[in-house]
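Have a look at the sequence and the structure first, then read the points below.

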Amino acid sequence: MTATGERRVEARGGSRLDVRALVVFFALAYGLSWSWMIPLAAAHQVVRRGEGWPTHYPALLGPAIAAVVVTAWTMGRPGVGDLVARMARWRVAVRWWLWAVSPAAFLGLALIVMVVAGKALPGVAEFGQFSGIPAVGLVGVLLLLFVGALGEETGWRGYALPQLQRRFSPLASSLILAVLWFGWHVPQFS
């Protein structure tokens, strides 16, 4: 346990960057996600706002699945338990909660500016019209948040970023990850 009560699980062989495990993670994340997205792109299937098909949502789970598989391979059950525990951590400093809710605060500010400017506000149903899911209002928003956060954040920031930070500074790790994360999205832009 650390001074903050946080449980840490060390990779076999210490806390040095395991390049092989990181390469396997990225290969799995890309492979799982791209095996869903590339056929859609090749068939010219366009993911549209408010339509449930075609959808890119299964592809979002690729990084999370890769993170769990590689963590199980390199750290075993305790590592997977630590990864899952970090996904559910809610007792964090207030500043991190402020960052977490800042998008909602900016949305509120934008809506206030629209009202003051005399602009028409979007309908409640429009907030749930995201690409690749049916227009189901609030349910769509919750689906987007859950699947997107579970899939992408678990893989990229829950697994890959901490691994990169074993060797590189936080800034360098973030820049490396940004390039690889962008590459993962390429089939979605086709």
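1. Let us start with Arg86, which is partly exposed at a relative accessible area of 28%. The scale runs from buried (under 20% relative accessible area) to exposed (over 50%), with partly exposed in between, using a 1.4 Å probe and protein chains only.

2. A word on the basis: this is a predicted model, where local features need pLDDT of at least 70, side-chain atom pairs count only at pLDDT 80 or more, and totals for chains, interfaces and linings use all residues. Residues are numbered from 1 along each chain as its sequence is written, and side-chain values use heavy atoms, leaving out hydrogens and water.

3. Which residue does Arg86 meet in a salt bridge? The partner is Asp82, at 3.2 Å from N to O; a salt bridge here is a side-chain nitrogen of Lys or Arg within 4 Å of a carboxyl oxygen of Asp or Glu. Asp82 is buried, at 8% relative accessibility. Helices are DSSP runs (H or I, at least four residues), numbered from the N terminus.

4. The structure has two salt bridges, and one of them joins the side chains of Arg157 and Glu153 at 2.5 Å, N to O. Both lie in helix 5, four residues apart, or about one helical turn. Arg157 is exposed at 52%, while Glu153 is partly exposed at 29%.

5. Helix 5 (residues 138-164) also holds Gln163, which is buried at 7% relative accessibility. Leaving aside residues up to four places away in sequence, Gln163 touches Leu17, Leu22 and Met75, where contact means heavy atoms within 4.5 Å.

How values were computed:
Helix = DSSP H or I, 4+ residues; strand = E, 2+ residues; numbered from the N terminus.
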